[in-house]
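Good morning, colleagues. Please bring the structure up on the screen, and I shall begin with a matter of terms.

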Amino acid sequence: MKFARAVLFLVPAALAVSGAELYQKPSQAILDALNAPPTPTLTVNPARTFAVQGQPVRYPPIAELAQPMLRLAGLRINPRTNGLHNATFNSSLTLRKLPAGTLVKVALPANPKLGSVRWSPDASRFAFTNTTASGIELWIGDTAGRTHRVEGVRVNQVMAPPAMAGGGRGGAGGGPSDVQWMPDGKSLLITMVKANRGAPPAEPLVPQGPHVQQSLGGAAPVVTHEDMLQNPHDEDLFEYYATSQLALVDAAAGKVTPVGKAGIIESARISPDGKHLLVTTIHRPFSYLHDVRQFPKEIEIWDFTGKVLHKVASQPLEDRVPINGVATGPRNIVWRPTEPATLMWVEALDGGDLKNQVPFRDRIVALQAPFTGTAREVYKTEQRFAGMSFFEKGGRALVSDSERMSRRIRGFIVEVDDPGAAPILVWSRNQQDRYRDPGTPMTKALPAGGRVIMQDGDRIFLEGAGAGPKGDHPFLDRFNLTTRQSERLFQCDDDHYEELVAILDARGEQILTRRESPAEPPNYFVRTPAGKLTAITDFPDPQPIFRKVKKQLVTYQRPDGVPLSFTLYLPPDYKAGTRLPTLIWAYPREFNDAATAGQVSGSSKRFTEVTGYSQIFHALDGYAVLDNAAMPVVGANPDVVNNTYIDQIVADAKAAIDKAAEMGVTDPNRVAVGGHSYGGFMTSNLLAHCDLFKAGIAESAAHNRTLTPFGFQSERRTLWQAPDVYLKMSPFMYADKIKTPMLMIHGEMDDNDGTFPIQSDRMYQAVRGNGGIVRLVFLPFEAHGYRGKETIEHVLWERAAWMDKYVKNAGSGAAN
């Protein structure tokens, strides 16, 4: 495990001094806003009778992140709890009765660290986990707020990461498999820490031999993963902590009954009739190049004694999956939610490789209990399978397929029980075309488990963002499956941002929404068919200072006609006509055409509530912030779109500066650019290839693409297929050109593919070695995204100090 690394002082460019610094704090205005209590969120239970109101632990102390961590097989395990390291918790839990909104206090353990709430099928009880210093407990509660801990249970969450409270919109179905209610609601299926497993494997003091990897031919490209197994001791540790025991827990008596033998259980899903389990277990040999989800596995159907009734598949290590491809053999294996015990899965018909030209790429098959026959083919997709949802009534399903080159996604109504019936095309669109998105079908949890598309007769409900040139206007439609016509039931007005939370009746006429505006904090409302709007919460404004920050959606064009936009934030009490030092914050994205590239995302009618290490905080320090500045890279063929990456992002950046200067809000000679991850990569490229900026901030970025040789983002050519592109897109190769002061920030324990901390370490050395002004800050115990309270405060201070020195106080003169 790595520990705190050195950070660098602000010193003259000719010097390079390293050492430890204390955590610093940003301005008081930022601190006050940062430490304000967050606005709570509600999640509705399956019966639509109660909502869970949770309070997440937003900024845990750095001491929390400094707890022991094992980095094994792509997972980060806390050995003390036998759960995931740096997991997200709620610190409180309250129920609200619907539709009145009446609060019900829930009895909670001391110093709670609460996981997701899982409701029983009749929504009368719920279960949740509580993480203590030595393990993860199971608790059960009821709608009166009474709770109790189940004695003798220690939940294993290594393979089933906990979700936050609620388990998803519309109910609790389909959540993690570490805690699940049985269909009868009398007991729960859980994954427990194996009893009497003994002490963890001790690390050998003397190695028994070298650590060896070998490949005996055959192409097997793999992306650069973090936290892989490295030696036999890692394998033993992984097996020790990941091994769990399935068990049934009687919800009333607390009796615990083991189910089957212990193993590395990736998932266990209960059949709708409650008689079978679909169990996926992982086994050796493990890999040092691939993460746990690609390890060899057995997929079996068990009864509740643990007897194997049917082997669905024995899957080898997924080390030969083509780039952009899928594994051969059964995948996406699920229970059909509308039948007692029918398995469904997908199989590739093209060898899993998009390069193979075939009439159909995938097929969907079904196998009914008692699982002794041959799987029946249900449907074949012309393009790659992209999803399947069953309707609440009848034997129909909505099946989607997608095509990578055109980015087109299609939805078909398929008669699952009548394979001879012709599929009905419901919609077909560019999946990046937000303006033409018809919406997503609303689903509901069934008492027997699983989720289905809600129906009102022959109609379903579609919810969508309602994207358009004026920003998002969320909506709810009722869609007729016969006529394929939509009826709009709700859409937010032009002065608010109001989104659907849940449908409260069978016809979609009484709904729960979350409504806000630039001046009104988010609160929850019940809407009725007569248009009556009744508030069920009254949450106050947590950050009044941001009501003085002006927000505006700005649209403009690149010189080649590509439409662009950014959201402008101006400091409190800004005086019109004042040209300000400016921060542009962006993240580049690839598009097939200019029309979709220029589509507006988000809404200027949202309430401004700023959290984490958001760049918007810097408006409180006197900066104009151009947030979410569009940085499209446009090309009809995604395989070659990056050939013009540099030219396009420079044109994007210049267009943003020109527009803000034209508006009179930006001093074009005092502009900084910044971004996180691929946005940080964009930042260092801009500093290397243009002179538009006074400073740059690159967070958690990959600066050298030769270290990600098998692709990155949407780039699927390898380094050896497109060496010129990889080299030209690597700012590391142009470090001698970077003379604009650059601040680099990186989590010491970055867990994102490709953005290893060594990327920033080597980039710092390259810029420094060529005489550039550069500062590198490594954040102890932080991953790709930063969470620790001390860390977040320090990141905001670092940015402000850097920009104040090199941007705000640089004077208005020629840009670097």
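Helices (H or I, at least four residues) and strands (E, at least two) are DSSP runs, numbered from the N terminus. This is a predicted model, in which local features need pLDDT of at least 70 and side-chain atom pairs count only at pLDDT 80 or more, while totals for chains, interfaces and linings use all residues. Residues are numbered from 1 along each chain as its sequence is written, and side-chain values use heavy atoms, with hydrogens and water left out.

Let me turn to the cis peptide bonds. The bond from Ala369 to Pro370 is cis, with omega near 10°. Pro370 sits in the loop between β23 (362-368) and β24 (376-381). The bond from Leu98 to Pro99 is also cis, its omega being near 5°, and Pro99 belongs to the loop between β8 (90-97) and β9 (102-105).

Next, backbone angles. Asp227 is not a glycine, yet its phi is positive, at about 65°. This residue lies in the loop between β15 (187-193) and α3. Asp227 is buried, with a relative accessible area of 8%; here buried means under 20% relative accessible area, exposed over 50%, and partly exposed in between, with a 1.4 Å probe and protein chains only. Arg407, likewise a residue other than glycine, has a positive phi near 60°. Its loop runs between β26 (396-403) and β27 (408-415), and Arg407 counts as buried at 13% relative accessibility.

I come now to helix α3. Why is α3, residues 232-242, described as largely enclosed by the rest of the structure? The reason is that 8 of its 11 residues are buried. Among them are His233, Leu237, Phe238 and Tyr241. The buried residues of α3 pack against β5 (70-72), β6 (75-78), β16 (244-250) and β17 (256-270), where contact means heavy atoms within 4.5 Å. At the start of the helix, a side-chain oxygen of Asn231 comes to within 3.1 Å of the backbone nitrogen of His233.

Rolling a probe the size of a water molecule over the atoms shows where empty space is left. Which residues line the largest cavity? They are Asn156, Val158, Met159, Ala160, Thr191, Ala242, Ser244 and Ile265, a lining residue being one with an atom within 4 Å of a point on a 1 Å grid over the protein atoms alone, and a cavity a set of points where a 1.4 Å probe fits but cannot get out. Ala242 is also one of the buried residues of α3.

Note on methods. A polar contact is a pair of N or O atoms within 3.5 Å; within protein, one must be able to donate a hydrogen and the other to accept it, and residues adjacent in sequence count only if both atoms are side-chain atoms. On a 1 Å grid over the protein atoms alone, a cavity is a set of points where a 1.4 Å probe fits but cannot get out, and a pocket is an open set with protein on both sides within 12 Å along at least five of seven lines; lining residues have an atom within 4 Å of a point.
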